[in-house]
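Keep the sequence and the 3D view open as you read.

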Amino acid sequence: MLSLKKNRLIFVLQFFFLITFAQQFPSKNLTTLDGLSNNSVYAIFKDSRQTLWVGTANGLSAIHNRKIKNYYKSDGIAHNSCWAIAEDKNKNLWFGSYGGGLTFFDGKKFEIINTSKGLINDKIRTLFVYKNNIYIGTEWGLSVIDCSTRKIIFNAKRIGQKGIFQVMSFYVQKENVYFTTFDDGVWSVNIKSKSIHLENHDIPHLFSTFQNHNLLYVSHLQTNDERYNQFTIKNFNTNKLVVYPSKTIFWDYVIDSRKTVFGAGNGVNISSGGVFKISEKGIEDCNDLFGISSFNTWCLEYDAKLDLLYVGTLDKGLYIVDLKREIEYYSAFHLKKKELEVLKIINIDSTELLLSKNELIFLSHNNNKIEISKEKLFNFLHLHPKIDKSEMKLVAYQFYKKASFKEFELKDLKIYNSKIWLNTSFGLFEISKNAKIVAYHPFSVKLFHFINENQLLYQEPYWYFRKIDGFNNDFFVSSYEEENRNNPKDAVQILENGSKPFILTATSGLYSYKNGAFFSYSMNNIWKERELVLGAVTNKNQLVITNSSSDIFVCDVAKKFKIVKKIAAKILIGKSISFLQPYKEYLIIGTEKGINIYKNGKIQLIDEEQGIINKIITCAYLKGDLLFIGTLNGYYTVNLLKYLNEKQVPLTIAINAITINSKFYFESTKFNSPIEKLNLPYDQNTLLISFEPEACKFPSKLLYRYKIGGGFKQNWSNWSKEQEINLTYLSNGNYTVLLQIKDLNSGLIHTQKLIGIMINPPFWKTIWFVLGLILVFVSITFIVYQKRLKFIKSKGELQKRVAETKMEALQSQMNPHFIFNAMNSIQKYILEDENDGALEYLGEFSKLIRATLDNSALNTIALEDEIDFLKQYIKLENKRLVTKVGITFNTDEAIDTSAVQIPPMLLQPLVENVFLHAFTSKSKNPALEISFFKESQSLLLGNEFLICTVKDNGKGMDVTKLYATKNSKGIKLLKERIALLQISSKDPFAIISSPKEGTKVILRIKIYDK
């Protein structure tokens, strides 16, 4: 595709170094001191969400609204060294590392794709997105990945001339993707056949390419002599080649909105790099122009929205260059000076006059520079012929001639009658337009004003005003002594307003001068303001004056003195005013914070963000639309027309975090969707809303205020730079949070709905709850009434039935069969002459009978008493049996047996049934297990139940035939007693049994308070 003819045309490269009083673009430098992860920058990319990604040798930095967040390998990226960054059509990001492979980022998590997952090599030099594929150029070949599936489509590897197959760059021609290699030519990629094809191998050591429509820019070594760098531009339409020798190697390129191509150069082993402007006419060094001090630039990125150029260097971090050229800076260095404290800037014809502490500089539009040094002026003073026209003039001259050079100071500059008048500590110098010293006048002058060619009005330092008649000939001096209160003293400035000058003083206010006399506005009670600082004259011949409090007054002095407008100091940004300069309908005001541009109550601010770094302003001068600003080290020019007419990017404010009741509710990742409305319950009503501007060039220039509409009326809050809104204890209702943004760069105020908030009322305040409550109340009243009637009717029957049931239960507690067996056992002990055994058995039996009688008198007993009673009973039963029944009691640890109360003697009939019916004389290892545990937590306190199980391993039975036998009477009485004692929807009694499988009886007993 790309070839060089043997008889090629070589143009001699011209590098244009803009040094001679060249302007400098406003630029900023971000380094590790500002939070950047490393100062070696290998990749820069501005994504669609306006986040600037900076890949460095040790980490990945994300910059959004001047806030920097760094990512490292420990955060999930493949490697700390990031050399390439790209974004696919799905707005996902890809980071290529030099050593760890590829990292995919969807805003939520990082995913690593490296050689272990099929990548051809982990040392990635470049990434290229085309259609739905991402092309990965590595040190050992090419990998192509489908952006949607993140699957590798194919790999391409060759053995290069030096072993490796190093991919350097990509470009597209006629919808075909090509990639270049360092030593092995230019290759085309065929996705369908999953193959690559060598197109040509004519260029040695090909470093980079850049496609600009039909032009291809190529940085490479010279074909016949690899000791020299070359730069070639190929036109695809004509196949014409333009070849330049180059002192550097280009690694990256961008094109701005003006169709200007910039290249990042790095000489690798020599310091010959920097930022260059590239065209078919040549290559232009822009380092000085952009204020970039590094010669090791590596990568570039252009932000078309903000017209910013980002420059990555390998040693000094990231540079941000504003290409609008609204503000340009001329430093002492660019004017070939060690220092340049500017005292005054004025214009004569097409030449700017710049007065500094050390010289008067003439700057013409054709970049010619002429200087009159302080030494030259001092020498002229000493070479001046003897002055004998006036004794006063001669005395002053003799005094100044004896003074030292250290006492000689340059002070002020004026143009009168096409002549330049330079005021010094030793008098006035008259200078021609062609920079020749014409004359010297040894007058001690603080301020001066030419009434006409022959009359000079001036104030001596720390003295009063004088007037010279016949200035250029024999002259007469008149003095305006301070005894006359209409004469000024402590003057700070003379405003030239036609033929009527106005004098501003520091202690006695405003004066005018007309017909040889002064007039005091303060003494004559016209304007009482006394402490004046400086002023200016508008194109309407109005005076603009500021006082010591920094209030500004616009005064109409055409006929009768009148204050047209007062600009309060509190609306200005800054407290100390350094200059006033009217411009059209604007007023330009210099303060220690920067340049305020005032119009109709609105302020625009130009400060270090736009490029005014040196904010100690010494002077200002307006020439047409160009504002000159002098500083302690050089001067600035501000194109006011361009700045004020700049198209403003619409401001958009986005919520980046919401905290509700001190807990994170939402945090923006720039990848997730914004929240437009919150719908919250009544108890989540304290919110902290954090927000930030999107794609704003000067975010620190924004002031915010808010108000809440809807639930209650609120006035706007005070203006603040805080990007948080704290809303506490919102009552239920529907709210709209309105946000106003004041942009100090544009002077505009923008209002935006930030978010809607719905605080739902508590359920007891809803209409449905109230209606439901009324319905429930009516229903309960009706049910209670019906229950009461039924209760009255059944109360007598219930009491009678309880008594009968209690008696029957008591009578059935001790089965006659048990008593009969107990008597037989006693008799057996007596017949076998075992009197002790008989007495012991009889004693235990009597205790059991006594416990039965005691418990029958109680409504409830402790669970531990019930267990003791059962143990006594079982002990007696076992004494008479040959094969003892094994007994186990299980009690849940959560049960306090001394505190839990249950009705007495509910379980004894069940245990007795076990001894009577469960086992035979042939039963082996008979066992009885009695367990107690609490039912699962009840919804209502005081309504807890105890689950009791009586389980044996006896012969079992058919449960369906149980209630048909005579033995079922005790069980029926037991069930009826439980039903009477506790009202429950659940069955309190259950029997689980089958023949030869044993029997399990389950009781559900209500627990009573002790």
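Predicted model: local features only at pLDDT ≥ 70, side-chain atom pairs only at ≥ 80, totals over all residues.

Q: Which lining residues lie nearest the centre of the second largest pocket?
A: The space in this pocket is about 1,100 Å³. By class, its lining has 25 nonpolar, 5 polar and 4 charged residues. Nearest the centre lie T126, L127, F128, D252 and Y253.

Q: Is S143 buried or exposed?
A: S143 sits in strand β12 (residues 141-146). Buried means under 20% relative accessible area. The value for S143 is 0%, so S143 is buried.

Q: Why is the pair of F448 and F450 edge-to-face?
A: The count of aromatic pairs comes to 59. In the pair of F448 and F450, the ring centres are 6.1 Å apart. Planes over 60 degrees apart count as edge-to-face. The planes here stand at 90 degrees, so the pair is edge-to-face.

Q: What are the relative accessible areas of F448 and F450?
A: Buried means under 20%. F448 is buried, and F450 is buried. The values are 2% for F448 and 6% for F450.

Q: At what angle do the ring planes of Y682 and W764 stand?
A: The ring centres of Y682 and W764 are 5.4 Å apart. The pair is edge-to-face, because its planes stand at 70 degrees.

Q: How many residues apart in sequence are the parts that the pair of Y682 and W764 ties together?
A: Y682 lies in the loop between β59 (677-680) and β60 (687-694). W764 lies in the loop between β64 (749-759) and α5 (767-813). Y682 is partly exposed at 35%, and W764 is partly exposed at 42%. The parts tied together are 82 residues apart.

Q: Which residues do ring pairs link into a cluster?
A: Rings pair if their centres lie within 6.5 Å. Such pairs link Y42, W83, Y98, F182, F207, W251 and W298.

Q: Which residues are the closest to the centre of the largest cavity?
A: The structure holds 5 cavities of 30 Å³ or more. The largest has a volume of about 300 Å³. Of the 23 residues that line it, the closest to its centre are R66, L306, L308, Y310 and C696.

Q: Which strands each supply at least two residues of the lining of the largest cavity?
A: That lining divides into 13 nonpolar, 4 polar and 6 charged residues. The strands are β1 (27-30), β4 (59-64), β27 (308-313) and β28 (318-322).

Q: How many charged residues are in the lining of the second largest cavity?
A: About 70 Å³ of space lies in this cavity. Its lining includes D322, K324, R325 and E326. By class, the lining has 4 nonpolar and 2 polar residues, and the charged ones number 6.

Notes. Residues numbered from 1 in each chain as written. Heavy atoms only, no water. 1 Å grid on protein atoms, 1.4 Å probe; cavity = no way out; pocket = protein on both sides within 12 Å on 5 of 7 lines; lining within 4 Å. Points joined across faces, edges and corners; volume = space filled by probe spheres on them. Nonpolar A, V, L, I, M, F, W, Y, C, P; charged D, E, K, R; others polar. Helix = DSSP H or I, 4+ residues; strand = E, 2+ residues; numbered from the N terminus. Buried < 20%, exposed > 50% of the residue type's maximum accessible area, 1.4 Å probe, protein only. Phe/Tyr/Trp six-rings, centres within 6.5 Å; stacked < 30°, edge-to-face > 60°.
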